[in-house]
Amino acid sequence: MNAKSFLTAMFLCLPAPASTQGFAGLGTNANGFAIPQQGTFLSFPADHGSHPNFRIEWWYLTANLKGDDDLEYGVQWTLFRTALRPGSEDGWSSPQLWMGHAGLTTPNHQFFAERLARGGIGQAGVTADPFMAWIDNWEMTTVGPTLQQLNLKASGADFAYELDMSTQGQQLVLHGDNGYSVKSAGGQASYYYSQPHYQITGTLSLPHGPVAVVGQGWLDREWSSQPLAEDQSGWDWFSLSFDSGDKLMGFVLRGASADFTSGSWISADGTVTALQPGDFQALALKHSNVSGRSIPTEWKITLPAKELSVVIQAVNKQSWMGTSFPYWEGPVTISGSHTGRGYLEMTGYE
Amino acid sequence: MKRAALGALLSHWWRHPLQLITLLTGLALATGLWSAVQAINGEAKASYNLATSEIGARQNETLVPKTGFIPLSRYVELRRSGWRLSPVLEGRWPQNTGSLRLIGVDLLSHPTFSNMVENSDSESSFSLDALSSQEQLFLNPKTLEQLTVHVDLPPIVQSDQIPIDVALGDISLVERLLQRPGQITRMIILPEQPLGLHPLEDLAPELQRQSYDAGQMSRLTDSFHLNLTAFGLLSFAVGLFIVHGSVSLGIEQRRGLFRTLRAMGVPLHLLTVLLLCELLLIAIVAGSAGLVLGYLIAAALLPDVSATLSGLYGATVEGSLNLRPGWLISGIAMAVVGTLIASTQAITNIYKMPLLATPGLQARAQAASSQQYGMAVLGLALMAFGTASMLVFDGLIAGFALLAGMMLGTALMLPLLLSWVLTLGLRNARSALGEWIWADMRAQLPGISLALMALLLALATNIGVGTMVSSFRLTFLGWMDQRLSAELYVTAKDEDQAQKLVLWLTRRDITVLPIRWSEVPFHGTKLRIYGVQDDPTYREKWPMLQVQNGAWDRVSNGTAVMINEQLARRRNLWPGDDLNLTPSWKMTVVGVYSDYGNPHEQAIVTLPVLLRHADNVPNLRFGLRLPPSGVQNLIKEIQQESDFEGITMVDQNDLKARSLAVFDRTFVVTGALNLLTLGVAGFAILTSLLTLWNMRLPQLAPIWALGITRRQLAWLELWRSLALAALTALLALPLGLLLAWLLLSVINVEAFGWKLPMYIFPLDWLRLLVMALVAAAIAAAIPARKLALIKPSELLKVFAHER
């Protein structure tokens, strides 16, 4: 067991090898942890905060940005929480562990950094009202009404960014059944909502100097105790913003016997349509060699109900997050029946 | 032709197996001792590396408090400002058998923790449950063996990556075991830091950055290893004298053969190459045997070495030996290079030898006389160089330079000195036989002088090191009587129990002296400050080296401090000087006390002053004063009280016996190497005499022909050897005493930080003289026996074969 896989095992408390139980151990069962229940109404701002009785949770922001140098950039800011056992305690004995990932994608380089922290001592955490999520000096802080205006900061050894994000008061998007999002045919589910409407201005600090950027951001919030079925090895997750103003979130959970797909269609006017399993189709067109693995970096996406047929291409095919548990995450461009930009996350490729 | 010639050359050894064995043994011994020392040093270094690289991840810079501990909130603030740090909480964890160094780390952020545990045995490696509870303690299997059963021990994971006497665990567990919640001892500054950080000096002015100071510990242990290496080199050099003797003999005896081979058409250069091949073969065989021997010696001595290092320096070295490839190669290389060096002279002689030259002893002796002067001049130069380096530089290296200069210088002057003594004897000889004896001894001198030089070095080392160890022991005994003045030492499990115990003891009219201390950062290391309660015990018994009038009064009214000798010498602080214990805490030094067996700096203040300046001063250990007859009863009573379960008690006698045992073990290695070196020197004399034996027959035959019996000749042979050994021993005495003085007053101060008075042990010298004489007698016994039993016809042949 090397240092990294040790940390991963540590963080997600799974016995090695990870592959037998789904990517990053998300397929383990929910010993003593709370389980998402259909029919629960999410309540805000409380649910912006953390849910220590659930095993895993994340605050996940991705942004497609354009620099004043006319280049395409992508930014990721993620705070993961995982619990060794349910509940919270003060001090080092807290069972809560936190992990932050920051990524910055340029057309030809991927910057990333990782932070790990113990819960219970204040090094990392999330407060709901006023909203603030942090690990070390990485922060996502409300500067106006909750989640409508945010300031976002992260820095690594060779990059940093600081972004101001705001919405025009658009509603949160609750996926699935009012935020109850089914993840497998067997019924595994999570609570899942998003705020996909951020307008962003800010600055990226890169080795050759600062770059001013503008663009759009998409925040995902999800928590659960067992979001994957045991035979699911990973997922391909798409968040696409079309020039028409419509948006699409869709994912494929790759199973040993069958894939499970789902998603949401968010019209320009804000109405959300939950997609039925199988509606959303993603077909890998081209694979690239990334960090010694073959990873699809060009996809064909179809959604017949919306007459959508598009090709998704990675802005940078090497958008690899070489973190404790590694995955591909980066900005994409959209062409075909619709055009636009978006983000793609692919996990579980060995 | 080559094969035939090589066969002819090697056949010599076939016919002289004893000689071959001598040569092989000499070389194997030399390589063995050298490799043993190398193996020990290598093992110790590997252990230090393990300890320093993996335990507190000390290759990284750390952030330490100027005083006390770092509160958890400080750690979080600094992490929140972006600094990537990893917290470490460290303390002594009392166990029944002593205490463990308990280190708590944040498993998530510690830079090397995962490396340490990945080799842990699979059965008890990380399991989900144990991890979730953060309740595991990591221990080296050897540490676990030493622990007696402890009921409160958390689940243990064994890993041989963890140094001995260290327990490692998650900080949440450790802060509970040490009862230090929310405290951090130091923070490791992780190598990779993000952009745009504010300087730590601004964010946390109360903390100071500390790069890992390999300095002090390695300086201390280096001196020990330097000592060992010097011993190893000495043994190797002595061993080479043996090789020199044997090879010279082997070549001397084969002169006739060489002549025949040359006459049969073997070219000179081929002959030389073949001889070199032969030597190479011998070197490899003997070198390999030496490696085996070295491994065995090292394995036998290593437990003592590790005891020495932990006793004197607190450095932990594992007691087991690993084979390192570098060691194997260097051992063989030493054997080969050593053999070549030792045989250069003999081979050169062959190369230069006229085809039909006759060997002669006297002629060689005359050539050697000019050599003697050259060596003596070189010796004087070396002595002058040593003295000069001592005057110009100071420190350990200068001490060793003086030591080496004196030793080698005297050794090089030995042949000339001996020859003067023999000339003096010759002048005073009354009879013809007497004259012959003196002259014959002088004639033998060049052949045996190398062996005598080896004996001189071995004897001087024995006298010097022996005097040092005995002086140290005597001083140490006296010091222990003063220092360990309380009749019983007790350690409570926790503060509650300690309070109850003190109350219980005072009710019985027993004087309780609390032993409390705190460690403060001091010049990049730690200074341990003891807080004492004023008591006649200290005033009467504390082992002072220098003290001002009314010193204890000034200590007890809180205006002055006593320091140990190590601190006094290292920082040059003596009574009357001011000492800054911390940046804001200054006191006048009023006394310096001796503190043997402890490499660290230390100070004593009165208890209230310590409590005012330092927090975290545990109150768990006490010295009890009571009539010695009551000690055993008191121990029983304390053991019977249910409140006092878990209290550890050591009575004074026990403690003294244990300390003395540690002390004695410390010098077992020195003693063993001493004896081995002397043994090798004796062996060197034997080979030299054997070499001379053959060459001497032409000289002895005429004496025999003049009417001296073989028996008489044999006795003369023996006496001669004894006389030379005795003369050498006489010269070794002043050299040994000089060595002892250097060790006590120069090397010890540098290496340990204390100076010791020198005591003289004439009985030991006598014992050594006897040993030297016995060695010389044993060495001369074989040639003497041969002489006594030689057939008259052999002696007659000398005349018949007059070449």
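# Exercises on helix packing, salt bridges and burial

In this predicted model, the helices α16(B) and α21(B) are oblique to each other.

**Exercise 1.** Determine how helix α16 and helix α21 of chain B are arranged, and state which residues make the contact between them.

*Solution.* Two packed helices are described by the angle between their axes and the distance between the axes. For helix α16 (residues 495-507) and helix α21 (residues 631-640) of chain B, the axes come within 13 Å and cross at roughly 135 degrees. As to handedness, α16(B) passes α21(B) in a right-handed crossing. The contact is made by B:Leu501, B:Trp504 and B:Leu505 on the side of α16(B), and by B:Leu634, B:Glu637 and B:Ile638 on the side of α21(B).

**Exercise 2.** Carry out the corresponding analysis for helix α1 and helix α10 of chain B.

*Solution.* Helix α1 (residues 2-15) and helix α10 (residues 255-263) of chain B pack at an angle of about 170 degrees, and their axes are 10 Å apart. Since angles over 145 degrees count as roughly antiparallel, α1(B) is roughly antiparallel to α10(B). The crossing in which α1(B) passes α10(B) is right-handed. At the residue level, B:Ala5, B:Ala8 and B:Leu9 in α1(B) meet B:Leu257, B:Phe258 and B:Leu261 in α10(B).

**Exercise 3.** Locate the salt bridge between A:Arg81 and A:Glu57, and decide whether each partner is buried or exposed.

*Solution.* Side chains of opposite charge can pair when their charged atoms come close. The side chains of A:Arg81 and A:Glu57 form a salt bridge with a distance of 3.0 Å from N to O. The partners belong to distant parts of the chain, with A:Arg81 in strand β2 (residues 72-83) and A:Glu57 in strand β1 (residues 56-67) of chain A, 24 residues apart. Because a residue counts as buried under 20% relative accessible area, A:Arg81 is buried at 1%, and A:Glu57 is buried at 0%. The pair is also part of a network of salt bridges that links A:Glu57, A:Arg81 and A:Arg221.

**Exercise 4.** Find which parts of chain A are tied together by the pair A:Arg341 and A:Glu72.

*Solution.* The side chains of A:Arg341 and A:Glu72 meet in a salt bridge of 2.7 Å, N to O. A:Arg341 lies in strand β23 (residues 340-346) of chain A and A:Glu72 in strand β2 of chain A, so the pair ties together parts that are 269 residues apart in sequence. Both A:Arg341 and A:Glu72 are buried.

**Exercise 5.** Characterise the salt bridge between B:Glu601 and B:Arg571 by its distance and by the exposure of each partner.

*Solution.* In this salt bridge, the N to O distance between the side chains of B:Glu601 and B:Arg571 is 3.0 Å. B:Glu601 is in the loop between β17 (585-593) and β18 (602-606) of chain B, and B:Arg571 is in helix α19 (residues 565-571) of chain B, 30 residues apart. B:Glu601 is buried, with a relative accessible area of 2%, whereas B:Arg571 is partly exposed, with a relative accessible area of 29%. The structure holds 27 salt bridges over all chains.

**Exercise 6.** Describe the place and exposure of B:Arg473, and relate B:Arg473 to B:Leu660.

*Solution.* B:Arg473 is situated in helix α15 (residues 432-483) of chain B. With a relative accessibility of 30%, B:Arg473 counts as partly exposed. In sequence, B:Arg473 and B:Leu660 are 187 residues apart, while their C-alpha atoms are 8.4 Å apart in space.

Note on methods. Residues are numbered from 1 along each chain as its sequence is written. Chains are lettered from A and ligands numbered from 1 in the order in which they are written. This is a predicted model: local features need pLDDT of at least 70, side-chain atom pairs count only at pLDDT 80 or more; totals for chains, interfaces and linings use all residues. Side-chain values use heavy atoms; hydrogens and water are left out. A salt bridge is a side-chain nitrogen of Lys or Arg within 4 Å of a carboxyl oxygen of Asp or Glu. Helices (H or I, at least four residues) and strands (E, at least two) are DSSP runs, numbered from the N terminus. Buried means under 20% relative accessible area, exposed over 50%, partly exposed in between (1.4 Å probe, protein chains only). Axes are lines fitted to C-alpha atoms, for helices over the stretch in contact, and angles run from 0 to 180 degrees between N-to-C directions. Angles under 35 degrees count as roughly parallel, over 145 as roughly antiparallel, 65 to 115 as roughly perpendicular and the rest as oblique. A crossing is left-handed if the near helix is turned anticlockwise from the far one by less than a right angle, and right-handed if clockwise. Contact means heavy atoms within 4.5 Å.
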